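Below is a briefing on one protein model, grouped by topic. Please look at the sequence and the structure before reading on.

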Amino acid sequence: TGSATFKWIGGSLRHVVLEGESAPLSFSSFGGQVVLRNGSLVCEACKLQSASETFDVNGSASFSRTLDVRLESSGRGASWTISGPLDQPQVEAVKTPSPEAKTR
């Protein structure tokens, strides 16, 4: 077990293309705290800043190179799950209920 704080400046997640985008997700900074737990690095309170928005990043990357991550955009109010093998992850938009549906 263990934990670390990290900050990665300028990069891209070349296998992650979000719905509605034509290029891999690039960022100016990505940082937060990771915890080593049960053979995985778990993101806790991580943030990714792209050119146009900020994402909360939660989830894990296992030592067997499998992802189980959720990106939540504060700007778009949208979320994505990123799962599967590190070199060919599945990126799926998470459907969020409309504000009208939440009040009913």
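Is R37 buried, partly exposed or exposed? R37 counts as partly exposed, at 37% relative accessibility, where buried means under 20% relative accessible area, exposed means over 50%, and partly exposed lies in between (1.4 Å probe, protein chains only). This is a predicted model, in which local features need pLDDT of at least 70 and side-chain atom pairs count only at pLDDT 80 or more, while totals for chains, interfaces and linings use all residues. Residues are numbered from 1 along each chain as its sequence is written, and side-chain values use heavy atoms, with hydrogens and water left out.

**Sheet**

- Seven strands form an open sheet in the order β1-β2-β3-β4-β5-β6-β7, with antiparallel pairing; strands (E, at least two residues) are DSSP runs numbered from the N terminus, and two of them pair if DSSP finds at least two bridges between them.
- β1 and β7 (90-94) each have a single partner strand and stand at the edges, so one side of each has no neighbour in the sheet.
- From one strand to the next the twist averages 20°, with axes taken as lines fitted to C-alpha atoms and angles running from 0 to 180 degrees between N-to-C directions.
- Strands of a sheet pair through backbone hydrogen bonds, either parallel or antiparallel.

**Strand pairs**

- Eleven bridges join β1 and β2 in the antiparallel sense, and A4 has V34 in β2 as its bridge partner.
- β2 and β3 (residues 40-49) run antiparallel and are joined by eight bridges; R37 has S40 in β3 as its bridge partner.
- The hairpin of β2 and β3 has two residues between the strands, and N38 there takes a positive phi near 50°.
- β3 also pairs with β4 (residues 54-62) in the antiparallel sense, over eight bridges, and S40 stands opposite S62 in β4.

**Aromatic residues**

- Five aromatic pairs are present; rings of Phe, Tyr and Trp (its six-membered ring) pair if their centres lie within 6.5 Å, and planes under 30 degrees apart count as stacked, over 60 as edge-to-face and the rest as tilted.
- The F6 and F30 pair is edge-to-face, because the ring centres are 5.2 Å apart and the planes stand at 90°.
- This pair links distant parts of the chain, with F6 in β1 (residues 2-13) and F30 in β2 (residues 25-37), 24 residues apart.
- F6 is partly exposed at a relative accessible area of 25%, whereas F30 is buried at 10%.
- W8 and F30 form a tilted pair, with ring centres 6.2 Å apart and planes at 35°; W8 in β1 and F30 in β2 are 22 residues apart.
- W8 is partly exposed, with a relative accessible area of 39%.
- One aromatic cluster is formed by F6, W8, F27 and F30.

**Loop residue S50**

- S50 lies in the loop between β3 and β4 and is buried, with a relative accessible area of 8%.
- Apart from its neighbours within four places in sequence, S50 is in contact (heavy atoms within 4.5 Å) with L25, S26, F27, S28 and F55.

**Salt bridges**

- The structure holds three salt bridges, each a side-chain nitrogen of Lys or Arg within 4 Å of a carboxyl oxygen of Asp or Glu.
- R37 pairs with E44, the closest N and O atoms being 2.9 Å apart; E44 is partly exposed at 31% relative accessibility.
- D56 forms a salt bridge with K47, with 2.3 Å between the closest N and O atoms.
- D56 is partly exposed at 28% relative accessibility, as is K47 at 44%.
- The side chains of R70 and E72 meet in a salt bridge of 3.2 Å, N to O.

Methods
Helix = DSSP H or I, 4+ residues; strand = E, 2+ residues; numbered from the N terminus.
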